[in-house]
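Reader: I would like to learn how to read the side-chain features of a protein model. Please take me through them one at a time.

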Amino acid sequence: MKSFANVTLFLLQSFLFPLYSSSLHQTSPDNSSPFPSDFLFGTSSSAYQYEGAYLTDGKGLNNWDVFSHEKPGDILDGGNGDIAVDQYNRFMEDIQSMNYLGVNSYRFSISWSRVLPKGRLGGINHLGVEHYNRLIDALIRNGITPFVTLNHFDYPQELENRFKSWLSPEMQKEFGYLADTCFKHFGDRVKHWITINEPNQQIILSYLKGIFPPNRCSMPFGNCSQGNSETEPFIAAHNTILAHAKAVQIYQTKYKKEQKGSIGIVVQTSWFEPISDSTADKNAAERAQSFYSNWILDPVVYGKYPKEMVNLLGSALPKFSKKEMKNLKRYKSDFLGINHYTSYFIQDCLISACNSGDGASRSEGFALKLIQKGNISVGEVTDVSWLNIDPKGFRKMLNYLTDRYPNIPMFITENGLGELQKPETTVKELLNDTKRVRYLSGYLDALKTAMRDGANVKGYFAWSLLDNFEWLYGYKLRFGIYHVDYTTLKRTPKQSAYWYKNFIENHMRTRDLADKK
Ligand code: FCB
């Protein structure tokens, strides 16, 4: 239990002196802000996690609707996205919160089955299109740049039933059609497009571990009724990469000249720190990067898979045809979207004796992921097993990406901290989210340092504006800088919202001062 004095202090901080209290946690005002004047500060979200309205206005069922209804036991609280935080109906209120924060951009995703309930062989759902028109228009009216993801984990169930979704090249055509439809209807106003969110993470969870729909895997990776963890992840990833390339090609050839926007892809990144100075562990850390984010980024930027994957996977890794390679290189992404949350220690399992575990298999590059080295942890531990706080890893990650992909700008499309809600957690505790403030402050400092080191970063989106449906954790893992009461759907700013507002204000102030000089 919190003491009375603590609670009083918290109330004073939150409601009387929000800006003062947040500045307590913030680094001193920085007169040489590395953020350029067109830098985007925003928050990030996705359709299934936010919208709700799962059958409203002609929306079709998607893979997550079906999975969460058929297997509620696989989700921590048995929840689903039927209502989520009801942003479908409440986006005006959420835009007011964005205005309050002072953010100049909002990242959201299109629900594929809302726009094309049955994919390209069914018709366009015009009510779905109108919804996104209303949202985009309202954002723009409020001076908020829409940053739109075409696909964030959800797709029409029809595509799973008809041809096994990402396991089939058919999905490239389907995705191309979705992209074309969205460019056509929204591209006059949307100038920042993301094709696919985190294909790497999505595919590992869906086809290697089999815990996300369509729940495909093989032993010992997981317990699924079908699938093959040693081959399917690479087939599915191959199709996402080519689907991305197709969307970029459509944008570059049909729309870009007139619409003048930019298009990129988002990957999940983690910093992989070698657990020792040995060459074997250093090589393993490099392999871990190759089997995770470089898996997607190397083909997107260079038209080929990382050499570590080619060497280890042999025929399990699909090949790009000459034409595909040419197209990958010809139709370039304009930016890379980087989602980043945490770091791991990496131990070699290729030439060293190694325990089994996350990363240790051939399909994951023989690079075991660990959180502890003896009694040293890779970062500040949190109550989320995969999320440790390690801002210096973020700086290293950005420098690594800058070295590997030197000529392409980056956006930080997600970064944030989740808190597990335990039975005894009170709302006051959730609102007084000092750990999240510490997290954001540390990671934004690391971002500044990396930009001074030379990282070409054009924007930062905190995950997330609101608490929301966190996939297998249901509503029990809260990432919002706004608290959501799931009975009333009332949104309330947490300390981190005040902190972020103040951070952005400080940046604007120093920028204005610099402009006047
Ligand atoms: C990312 C997902 C996002 C959210 C955060 C916490 O991997 O892209 O939807 O779940 O993790």
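Reader: Which residues do ring pairs link into a cluster?

Author: In this predicted model, the cluster linked by ring pairs consists of Tyr48, Trp64, Phe67, Phe153, Phe212, Phe469, Trp471, Tyr475 and Tyr486. The structure as a whole holds 44 aromatic pairs.

Reader: Is phenylalanine 335 buried or exposed, and what about phenylalanine 411?

Author: Buried means under 20% relative accessible area. Phenylalanine 335 has 1% and is therefore buried; phenylalanine 411, with 7%, is buried too.

Reader: What kind of aromatic pair do tyrosine 341 and phenylalanine 479 form?

Author: Theirs is edge-to-face, with 5.9 Å from centre to centre and 80° between the planes. Tyrosine 341 lies in strand 6, and phenylalanine 479 in the loop between strand 13 (477-478) and strand 14 (482-484), so this pair ties together parts 138 residues apart in sequence. Tyrosine 341 is buried at 5%, and phenylalanine 479 is buried at 2%.

Reader: How should I read a nonpolar core?

Author: In soluble globular proteins, nonpolar side chains tend to be buried together. In this model the largest nonpolar core has 132 residues, and those with the most contacts inside it are Trp166, Trp193, Leu447, Tyr460 and Tyr500. Helix 11 (residues 232-259) contributes the most to this core, with twelve residues. A second, separate core has twelve residues, including Phe153 and Phe469.

Reader: Which residues is leucine 447 in contact with, leaving aside its neighbours within four places in sequence?

Author: Leucine 447 is in contact with Phe35, Phe39, Phe394, Leu398, Ile412, Val457 and Tyr460.

Reader: How many disulfides does the structure hold?

Author: It holds two. One joins cysteine 217 to cysteine 224, with 1.9 Å from S to S, and is right-handed, with 100° about the S-S bond. In the other, the sulfur atoms of cysteine 349 and cysteine 354 are 2.0 Å apart. Cysteine 217 is buried at 2%, whereas cysteine 224 is partly exposed at 21%. Likewise, cysteine 349 is buried at 11%, and cysteine 354 is partly exposed at 29%.

Methods
Residues are numbered from 1 along each chain as its sequence is written. This is a predicted model: local features need pLDDT of at least 70, side-chain atom pairs count only at pLDDT 80 or more; totals for chains, interfaces and linings use all residues. Side-chain values use heavy atoms; hydrogens and water are left out. A disulfide is a pair of cysteine sulfur atoms within 2.5 Å. Buried means under 20% relative accessible area, exposed over 50%, partly exposed in between (1.4 Å probe, protein chains only). A nonpolar core is a set of buried Ala, Val, Leu, Ile, Met, Phe, Trp, Tyr and Cys residues joined through side-chain atoms within 4.5 Å. Helices (H or I, at least four residues) and strands (E, at least two) are DSSP runs, numbered from the N terminus. Contact means heavy atoms within 4.5 Å. Rings of Phe, Tyr and Trp (its six-membered ring) pair if their centres lie within 6.5 Å; planes under 30 degrees apart count as stacked, over 60 as edge-to-face and the rest as tilted.
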